[in-house]
Amino acid sequence: MTEPELPTATVDAPRRFRIPLVWIIPLVALLIGVFLAARAWYEQGPTITIQFASGAGLEPGKTRIKYKDVDVGQISAVALADDGAHVIATAQLVREANRLLVADTRFWVVSARVSGSAVTGLGTLLSGAYVGMDAGKSTEPGRRFVALDEAPVITLDVPGRAFALHAETLGSIDVGTPIYFRRIPAGQVTGFKLDDTGQHLDIQVFIKSPYDRYVTTDSRFWNASGIDVKLGAEGLQINTESATSILAGGLAFETPDDGDAEPAPAGLDFKLFGTRAEALKQPGSDAQIVRLRFTESVRGLSVGAPVDFRGTQIGEVIALEPDVDLDTADVGLLVDIAVFPGRMRPRAGGKPEDDFDEAAFRTFVDRLVARGLRAQLRNGNLVTGQLYVAMDFFPPAGKQKVDWAARPPQLPTQRGSLDELQATLSRIAGKFDRLPLDDIAQETRAAIAGLARAVERTDQLMQRLDGLASNEVSAAVTETQRTMAEARAAIADTRHLLSSDAPLQQDLRDSLQELSRAAQSLRHLTDTLERHPEALLRGKPEEKP
């Protein structure tokens, strides 16, 4: 018997999950979207806000932010602030710019700008305005910033040091004005403002490296704008730094040869002088104030005129004022001068003394005065008539002493050579004016007329004698004697008038002698001009020791 066949169980094969073809494309798109989103999130930089004075040049989605001419972000939104006084711009920056966003980072709008010293932003005429960025040096991160009104002249990554200047007026100085050192561009003016008192201007300057190491604690700054033309006792002087400073202005600095070589710390304040000569002259604190008294005119002498000692300037005029004595009716003019002792200091062993001794300096000056040292007004330029004070030796001047007890001390003076020449000519003219020329001429004419009458009578008498008898001869002789007596009297008067000891002759001799001395002085002046014709413009040439 056959066994019945048991039913066999069938096991179905496991089903495979199959994605319909229609879903493949959306899944790939989803994966790409996730990848792009993750990448965008990873590369997304910080979002910052920048406060601007106005929205000029700012367009959301278009205005770029550049750092060193590389795009680092974009303005995403621009809105008016709640108070309506300014504009708030939102900017999206790249991830790499995160390290540049610190507390002192600066932003500004770059557009075409023409100033007196430079032309900037010309590229924006075609590409449009953009926001410039300058990374700061702070360690604190920042996300809110206030934009600058103008582009900075010097970026924060430029090596160098900043200093401050104070001046009474701004002149032609502006932001960006160049600063020169020995006519080399060494820095720029970065800003200026009026001080709290309103009396001075505070000017901020930046000196680039390596020129900043030449700014010492004794450096002098001056205004080198334009052309400095000076026509004075020293002649015609023309100074300028460069063609740029002529057109746009400029400043310059220098350290005196005997100045301190210690480098100045950043932020040190300096005075801004008007000219190089004013800046480099010795400080007034080291000068000795001396007073001079002149009795002649000081027309042509001005404050700042040099005090010269045989071609070397040893000081300058600092004040002029009249000196009137009501009791004696004496009128003079007081001239205060500042003498720099360092230029007149006595030498020991052929070298200048290191420590200035006022007592030794006074002894030295007393010796010079004893030898005839006097102060004299001299003409520095015949064209301009400018005068200067000359210190020179006049041995025949007589013995005088320095009045050190006076405040300030008073040095003796000597009348000027041109003034003496004018006085001599004036005396000659005065003597000629005092001569009784009309009386002398009248007496001379009377004497000559009397002599002519006597001669005429003599001729008549001789003619009569030829035809007269003896009794008439005696009468003729008597008349002849009377006529000859008149002739002798006339001749005596003429001889007295023309004798060597007559007052007229004496006055004429004195006048001729003074006229001869005046002519000699004029010949000396003419010889000097023939040898040095340039003295008409440059002034008196320096005397060789």
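This is a predicted model: local features need pLDDT of at least 70, side-chain atom pairs count only at pLDDT 80 or more; totals for chains, interfaces and linings use all residues.
Residues are numbered from 1 along each chain as its sequence is written, and side-chain values use heavy atoms, with hydrogens and water left out.

I noted the terms as I went. Helices (H or I, at least four residues) and strands (E, at least two) are DSSP runs, numbered from the N terminus. Axes are lines fitted to C-alpha atoms, for helices over the stretch in contact, with angles from 0 to 180 degrees between N-to-C directions. Contact means heavy atoms within 4.5 Å.

**Entry 1: helix 5**

I checked the length of helix 5. It has 13 residues and reaches 18 Å from first C-alpha to last, close to the 18 Å expected at 1.5 Å a residue. That expected span is 1.5 Å times one less than the number of residues.

Which residues of helix 5 are buried? I found Phe361, Val365, Leu368 and Val369. Seen down the helix axis, these buried residues fall within an arc of 100 degrees, so they line one face of helix 5. The arc is taken from the directions from the helix axis to the C-beta atoms. Buried means under 20% relative accessible area, exposed over 50%, and partly exposed in between (1.4 Å probe, protein chains only).

What covers them? The cover includes strand 19, strand 25, strand 26 and strand 27. On the face turned away from the buried side I found the exposed residues Arg367 and Ala370. Just after helix 5, glycine 372 takes a positive phi of about 110 degrees.

Two strands pair if DSSP finds at least two bridges between them.

Strand 25 (residues 373–379) runs antiparallel to strand 26, joined by seven bridges. In this pair, asparagine 379 stands opposite leucine 387 of strand 26.

Strand 5 pairs with strand 8 (residues 130–134) in the antiparallel sense over five bridges. Phenylalanine 107 has methionine 133 as its bridge partner in strand 8.

**Entry 2: around strand 17**

Strand 17 (residues 251–254) is covered on both faces. Leu251 and Phe253 are buried on one side, Ala252 and Glu254 on the other. Strand 11 pairs with strand 17 in the parallel sense over three bridges, and isoleucine 179 has leucine 251 as its partner there. Strand 14 runs antiparallel to strand 17, with four bridges. Arginine 220 is the bridge partner of glutamate 254 in this case.

**Entry 3: tyrosine 211**

Where does tyrosine 211 sit? I found it in the loop between strand 13 (201–208) and strand 14 (220–223). Not counting residues up to four places away in sequence, tyrosine 211 touches Phe181, Ile184, Pro185, Ala186 and Phe253. Its C-alpha lies 7.7 Å from that of phenylalanine 181, 30 residues apart along the chain.

Most residues other than glycine have a negative phi, and most peptide bonds are trans. I listed some exceptions.

- The peptide bond from serine 209 to proline 210 is cis, with omega near 10 degrees.
- Another cis bond joins arginine 407 and proline 408, at an omega of about 0 degrees.
- Lysine 68 has a positive phi near 55 degrees, and at 55% relative accessibility it counts as exposed.
- Arginine 182 has a positive phi of about 55 degrees; it lies in the loop between strand 11 (178–181) and strand 12 (184–194).
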